[in-house]
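Start with the structure below, then read on.

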Amino acid sequence: MTTNKHREPEPEEGERLMNYGKEKIGIYRTYASPLENVRTIPESSFDGRDNTLLGLDVRVRLEGDKFFKNFKEADNTDLVATDTMKNFVQYQLGEYDGATVEGFLDFTGREFLDQYPQIEAIQLSADQIPFDELDVPTDDGDFEPSDLVFRVSQNESGFGEVYLTRGDDGPQIEEQNSGITDMQLVKVKGSSFTDYVQDEHTTLPEREDRTLYISMDVFWTYEDPEDCLGEEPQRYVAPEQVRDITHVMFDEIYSQSIQDLIYQVGLRVLERFPQLESVNFEANNQTWIAVREEIDGDEDVRVLREPARPTGYQQFSMDRDDLEEQ
């Protein structure tokens, strides 16, 4: 699925695009600071994260006029090697004492700008590598999550991105983007798709009730970018909470389309978190195709197969004006 998670720079007219960096920097830390005291919401049981095992897949992008001579003149005297970037990022995860992905990226970006004066701006982003807790038996015959053993997960993951520049009072966040990516959601019934344009090119049958399978990325920006760092946990929006809102809305509403579902999720996210400025979506329709229905007279029983390519997608952004109008 394509994604809009990396906000690449748009050079102004007459300016060239020039940056370079390192990506796929995989790093792991045990016993990072826990995320605590987040504001709870009705849709989610999430109230914090132990961060016993923190894994990140980091991307770094550097900008600065002094790097032009590397392109034009093969002069590397101000060039920070991408291998050096990798080592620098890995070292900083041991120095960071916060609890969020965005906080680590901000901390590392400021260290980059302090270490290398030729860098004028830096963008850092990271996908959080998910791990599942595993239950183990207790002495009283019950089960509880192990604090030692985890399973690498293939489920959705948190995302963070910050863009730092040099301000008059030191480094400042110019832009941020937070998110939850690669959600895979299936609703066995309770979704429809009807009343769309019908012409000589239309072969898709209308469905009053269908099994709906989508993948979805959700991203959000804060009115105050500093809130993304988690230094005030009550103002931090955890990816797990947006994930849970999406699950709950998928369960609650009888959606008329994927677009309808996206809009309702966005309204709920903006309602629950007034500190957010905008919410952005990218969804992909992977709905299975029915090959048998109403088996043994039960209309809920279906046999389905994988869809053929191509698949549809939706991109959509919302802000507080949408909530106020609603």
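## The Glu252–Arg268 bridge

Glu252 pairs with Arg268 in a salt bridge, with the closest N and O atoms 3.6 Å apart. The model is predicted. This pair ties together distant parts of the chain: Glu252 sits in helix α4 (residues 239–252) and Arg268 in helix α5 (residues 258–272), 16 residues apart.

Glu252 is partly exposed, at 49% relative accessibility. Arg268 has a relative accessible area of 17%, and buried means under 20%, so Arg268 counts as buried.

Which residues does the network of salt bridges with shared partners join? The members are Glu43, Glu252, Arg268, Glu271 and Arg272. One link in it is the salt bridge between the side chains of Arg268 and Glu43, at 2.7 Å from N to O.

## Two domains

The chain splits into domain 1 (20–179) and domain 2 (180–324). Their C-alpha centres lie 27 Å apart. At the boundary, 30 residues of domain 1 are in contact with 30 residues of domain 2.

Together the domains bury about 2600 Å² between them. Carbon and sulfur atoms account for 54% of that area. On the domain 1 side, Arg39, Glu43 and Glu156 lose the most area to domain 2, together 27% of what that side buries. Glu43 is also a member of the network described above. Between the two domains there are 4 salt bridges.

## Other salt bridges

How many salt bridges does the structure hold? The count is 18. One of them joins the side chains of Asp83 and Lys86, at 2.8 Å from N to O. Both residues lie in helix α2 (residues 82–95), 3 residues apart, about one turn of the helix. Asp83 is partly exposed, with a relative accessible area of 39%. Lys86 is partly exposed too, at 24%.

Another salt bridge brings together the side chains of Arg243 and Asp244, at 2.9 Å from N to O. Is Asp244 buried or exposed? Asp244 has a relative accessible area of 11% and is buried.

## A nonpolar patch

Tyr31, Leu148 and Val149 make a nonpolar surface patch of about 350 Å². Leu148 belongs to strand β5 (residues 143–152). Its relative accessibility is 65%. The cut-off for exposed is over 50%, so Leu148 counts as exposed.

Conventions:
Residues numbered from 1 in each chain as written. Predicted model: local features only at pLDDT ≥ 70, side-chain atom pairs only at ≥ 80, totals over all residues. Heavy atoms only, no water. Helix = DSSP H or I, 4+ residues; strand = E, 2+ residues; numbered from the N terminus. Buried < 20%, exposed > 50% of the residue type's maximum accessible area, 1.4 Å probe, protein only. Patch = residues over 30% accessible without salt bridge, like charges linked within 9 Å, V, L, I, M, F, W, Y side chains within 5 Å. Areas by Shrake-Rupley, 256 points an atom, 1.4 Å probe, with all protein chains shown as cover. Domains from an automatic or database assignment. Contact = heavy atoms within 4.5 Å. Buried area = accessible area lost by both parts, 1.4 Å probe.
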